[in-house]
Amino acid sequence: MEQLKCLICGMNINLKNYRLNENTFLEKNEEEHIINCPFCGVGKVYLDNNKALFKVESKELDEETLKVLDKAMKLEVFNGEFYKEASELAKNNEIKELFKELSSVEFMHARVHKMLGGFKEMPKLHKPDYTKYDSDDLLLEEARKREKHAIEFYNKNSKVVCSNVVKEVLKALSHVEKQHEIIAESRKEKTLEVT
Ligand SMILES: [Zn+2]
């Protein structure tokens, strides 16, 4: 397998990790055909060992862009925490695994925003009580809504940021969330068929 680096999250992809989080992808990585970053989920145009990472000097960013990155980081932590909780609440083992993997991808997105914005810490957010989502179907519906919201957030805010690097990262992550939305939707239909 060729050596690959993710230009968005900076992780190296190798034989040991290329199958991580594979439930979050519509099309899975194969040893000789790597199409997603297993850590942040971006597509293969962003995987290259010889190109420069998508990096910015946070001091070169305007206030509005920093605000967008701060909100994006919070949104991803909020969703990452929801998925972590959802993986504990879910009853079906495949859905538990899916939520666990989605949680890890969303936390990686938060790390990407943290690096771009030069923020010192991950935010500590108030954790809502998610026990009202007392079926896998309700959890998947909540997941779908959150992904839809994240896609809208990225699409809207990629137009206001001052840096092309940040713009490109927001677009790349929006595509990742689109896959999550489709997967949550299709798992929901599957659960409905079973019940
Ligand atoms: Zn990545």
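Predicted model: local features only at pLDDT ≥ 70, side-chain atom pairs only at ≥ 80, totals over all residues.
Helices are DSSP runs of at least four residues, numbered from the N terminus.

Two packed helices are described by the angle between their axes and the distance between the axes. Helix α1 spans residues 63-89, and helix α2 covers residues 93-117. Their axes come within 8 Å of each other and cross at roughly 160°. Because angles over 145 degrees count as roughly antiparallel, α1 is roughly antiparallel to α2. The crossing of this pair is left-handed. Sorted by class, the contact of α1 with α2 comprises 12 nonpolar, 7 polar and 7 charged residues.

Helix α1 also packs against helix α3, which runs over residues 136-157. Here the angle is about 165° and the axes lie 11 Å apart. The angle therefore makes α1 roughly antiparallel to α3. Helix α1 passes α3 in a left-handed crossing. On the α1 side, the contact is made by Val68, Leu75, Asn79, Phe82, Ala86 and Leu89. Helix α3 contributes Leu139, Ala143, Arg146, Ala150, Phe153 and Asn157. By class, this contact has 9 nonpolar, 2 polar and 1 charged residues.

Leaving out residues up to four places away in sequence, Val77 touches Ala110, Met122, Pro123 and Leu125. Asp134, by contrast, is 57 residues from Val77 in sequence, and the C-alpha atoms of the two are 22 Å apart in space.

The largest nonpolar core has 48 residues. Helices α1, α2, α3 and α4 (164-194) are the elements that give two or more residues to this core. Helix α2 gives the most, with 10 residues.

Which residues have the most contacts inside this core? They are Cys6, Ile8, Cys37, Cys40 and Val169. For Cys6, the contacts beyond its neighbours within four places in sequence are Met11, Ile13, Cys37, Phe39, Cys40, Val42, Tyr46 and Leu47.

Conventions. Residues numbered from 1 in each chain as written. Axes fitted to C-alpha atoms, helices over the stretch in contact; angles between N-to-C directions. Parallel < 35°, antiparallel > 145°, perpendicular 65-115°, else oblique. Left-handed = near helix turned anticlockwise from the far one by under 90°. Contact = placed C-beta atoms within 7 Å. Nonpolar A, V, L, I, M, F, W, Y, C, P; charged D, E, K, R; others polar. Core = buried A, V, L, I, M, F, W, Y, C linked by C-beta atoms within 7 Å. Buried ≥ 20, exposed ≤ 12 C-beta atoms within 10 Å, placed from the backbone.
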